[in-house]
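Work through the exercises below with the structure open beside you. Try each task before reading its solution.

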Amino acid sequence: MLMTLEDVEPRSPIELTRDEMLTISAEISLKFSPDKTSLAAADYWPPANVNIPSPAAALAEPPQIGGFSHLELQTIGQDISRRFAPKAANGAPELLLLPVDPHHLYAYWNTGAAPIAPDQKNVQPPLTLRIYWRPDAAEEITRSNIWFDIPADSPTNRKKVRLPIDDTSYSAALGKVNPDHSLDVLALSNRVHVPTAPDRKRLALEHPAQQTAAAKEPAFAVHQLQGILAATQQEGAYFPEGWSIKLHPSDPASLARESEKFYGELMSIFQNNRIDAELVPEAAALVEQNTLSRHASGLGL
Amino acid sequence: MEKGFLSIVLHAHLPFVRHPEHPSFFEENWLFEAMTECYIPLIGMLDRLEADQIDYRLTLSLSPPLISMLRDELLQSRYLKHLHRLIELAEKEIVRTRKAPEFNKLARLYRRFYRHALAVYQNQYHGDLLGAFNKHQALGKLELITTAATHGFLPLLSVSEAAVRNQINIGVDTFRTHLGIAPRGFWLPECAYYPGLETYLKDAGIAYFFVDGHSLLNASQPPVNGVYAPLACDNGVAAFARDPESSEQVWSSQQGYPGDFDYREYYRDIGFDLDLDYIGPYILDGHIRANTGIKYYRVTGENQPKQLYNPKAARAKAELHARDFIQKRQQQIDALAGQMDRPPHVVAPYDAELFGHWWFEGPYWLEQVLRIASEKSNGIRTVSCGDYLAQVPSPQVATPSASTWGAQGYSSYWINETNDWIYPFLHQAARQLEDFVSELKGVSLNALQERAFNQAVRSLLLAQSSDWPFIMKSGTTTEYANKRITDHLARFNYLYDSLRKGNIDERYLTALEIMDNIFPDIDFRHYRALKPS
């Protein structure tokens, strides 16, 4: 039979639990341990003259804060979080753009309708995001606009969009594309500006002659497209290999004037990049008012 | 005569982590660890430099959530409890390591470190660390600046001008209330700038802000002096750029000083190394392993067993690195001086929490940098950016380019597939609030309605913090970040709904005021739109 401590040691009149003994031991160590060490930090953290109450006795938090217990605060917080959790808006249709970097923006939208049941998705016409290049940063839409379409097919109604040109402005419209390439617009976006790509700025500084070409000039856009198309194709997100392009100058007259060279250069760039491109002049309705409208049209990429 | 200037800028920020709804809450340790390992050691450094009459200038950005937490009585009380537990743990470690002299020395070092922190906090500054920083500002050594109210990522909030304006103005007001002075400088959260932001800064009385280097290099006009002199925006507010070289020397995970083999290893903590039975009372819920702050090993090097930390060797290395840092700045300034039309100005901004928390020897390194820089023979003078503008007027006029100091230099860290879902909700709430407040022009409200409106603004501001999308992307405590942003948005929705329906439950409102007690002097009327969106 094993002997216990009680068998060999007379009992003290003061009974201490194991925890109490540990607390007393720690307290004595804390207050009376020799404080010399050989560490280099001796002068960095000098021995502190501080009155340290025992942890158990110190700083008991009041059971209530402002008349509420912890549990009551928790319960109220949980109740609000459960009943008012954020949910997607289903009011008026909206489309918002956020600039991310020189070659990307984020678009998010809502269609203003109740969510479409999965079995109805295939019979609904697909939605499209039409991204407009806005080099003049003007509020009105002009015939010099260039746009490209990407499918608005994300189930989350959010999409990161690769942009062909940096240091310029973009806007967008959400809608359904008609056979004549016009767009039935559901929502129009804000206008955003994406910054200069660092590489291009450096190029411009190294070749000042190029820098003098104003950003609004078609020739400048052509110049930009050359390098950017390659990067766009590499990324492959929205322009996979083998993609084809139809250019739709909205004003045939402009094709015959100063933009002839512009379109010609664009076509040659596409051909050099093995992109099937076709020039399809059409007399679409021009939009000159302050906002985009239904059947907005421009030069579509 | 100095050939050039050096501005060291520390940005101190933590999200608002205060949870009175729990008796203790793990994320509050973020604050407590930063206080123990970073802010108190930095104050110790400032005190020593002052005692030795060292001629230096340092800039410290204090974020409004941090300011609010440092002044919060509940957190002050919980911090004392936290420190006592650390001292208790260090005591236990002294007992546990009594037969291992090298470990025992380190355990004693930790006990002295924590007791010193307690002495500084409790006895010297009576729980008021802001007062300690303010003392050094008044002595003319420290320039204190601030940042946006809840560190909102301003470019992605900019669809609402009221959101940006309130982030800036409430940040400046909070600083002024607690520090008693108006800040001259402003730390843009994540250095995130977009053209036009300077308008709000100017309106808030700000003279300068910081951007990353490429923001100046890609400015509307090529910067004549590169990143080594500020640019003035059209409205006169100056933009200072981060110097990539001095940044790399400290930040880089490969070449940066903190990765030196002699420095203390952050990732070997007794919270992960020791038996659960023993360490349980000092980790999360008694069984989820977490950092305690006691670490016995040094970085050592790759693919080697970790070796014991040697404080003496680490301090010697920090001195060496401080001298190297100043030498490289001298070389930089010597090379630049002949090419520039004004004295070169090197701006070296860092997260304050790097110093002491992640890089244990950081405060000591910084102290040595400031001591060495103060030697006249160096040809370098430490200045604040405010000092520089006063001494070297007429900066070149140009608009910086949109940029951040995050990965790739733009906004992709704060909007991507991990966190993009938050923006529709943040924008929707800002728009609702803006519209609602605009409707109230000329309408008088009762006290309860005013309280509810003010609390709705607090909820929205707390949801706008850049910390939540950052955490979601970094993948560290994503559950907490998700919960925080959804809770704040839910609280906003609740208050908005109550106000719209004219049905405010005062008990619920009071509970929310207790839980989210930041910005007590806020006025919701400032959230109305000033310009048509």
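Predicted model: local features only at pLDDT ≥ 70, side-chain atom pairs only at ≥ 80, totals over all residues.

**Exercise 1.** Find which parts of chain B are linked by the salt bridge of Asp212(B) with Arg242(B), and state whether the two residues are buried or exposed.

*Solution.* Step 1: the closest N and O atoms of Asp212(B) and Arg242(B) are 2.7 Å apart, and the cut-off for a salt bridge is 4 Å. Step 2: Asp212(B) sits in the loop between β5 and α9 of chain B, and Arg242(B) in the loop between β7 and α10, 30 residues apart. Step 3: both Asp212(B) and Arg242(B) are buried.

**Exercise 2.** Explain why the pair Glu265(B) and Lys306(B) ties together separate parts of the sequence, and classify each residue by accessibility.

*Solution.* Step 1: Glu265(B) and Lys306(B) form a salt bridge whose closest N and O atoms are 2.8 Å apart. Step 2: Glu265(B) lies in the loop between α10 and α11 of chain B and Lys306(B) in the loop between α12 and α13, so the pair ties together parts that are 41 residues apart in sequence. Step 3: buried means under 20% relative accessible area. Glu265(B), at 11%, is therefore buried, whereas Lys306(B), at 28%, is partly exposed.

**Exercise 3.** Locate Glu450(B) and Arg525(B), which form a salt bridge, and classify each by accessibility.

*Solution.* Step 1: Glu450(B) is in helix α17 of chain B, and Arg525(B) is in the segment after α20, 75 residues apart. Step 2: Glu450(B) has a relative accessible area of 23% and is partly exposed. Step 3: Arg525(B), with 37%, is also partly exposed.

Methods: Residues numbered from 1 in each chain as written. Chains lettered and ligands numbered in written order. Heavy atoms only, no water. Salt bridge = Lys/Arg side-chain N within 4 Å of Asp/Glu carboxyl O. Helix = DSSP H or I, 4+ residues; strand = E, 2+ residues; numbered from the N terminus. Buried < 20%, exposed > 50% of the residue type's maximum accessible area, 1.4 Å probe, protein only.
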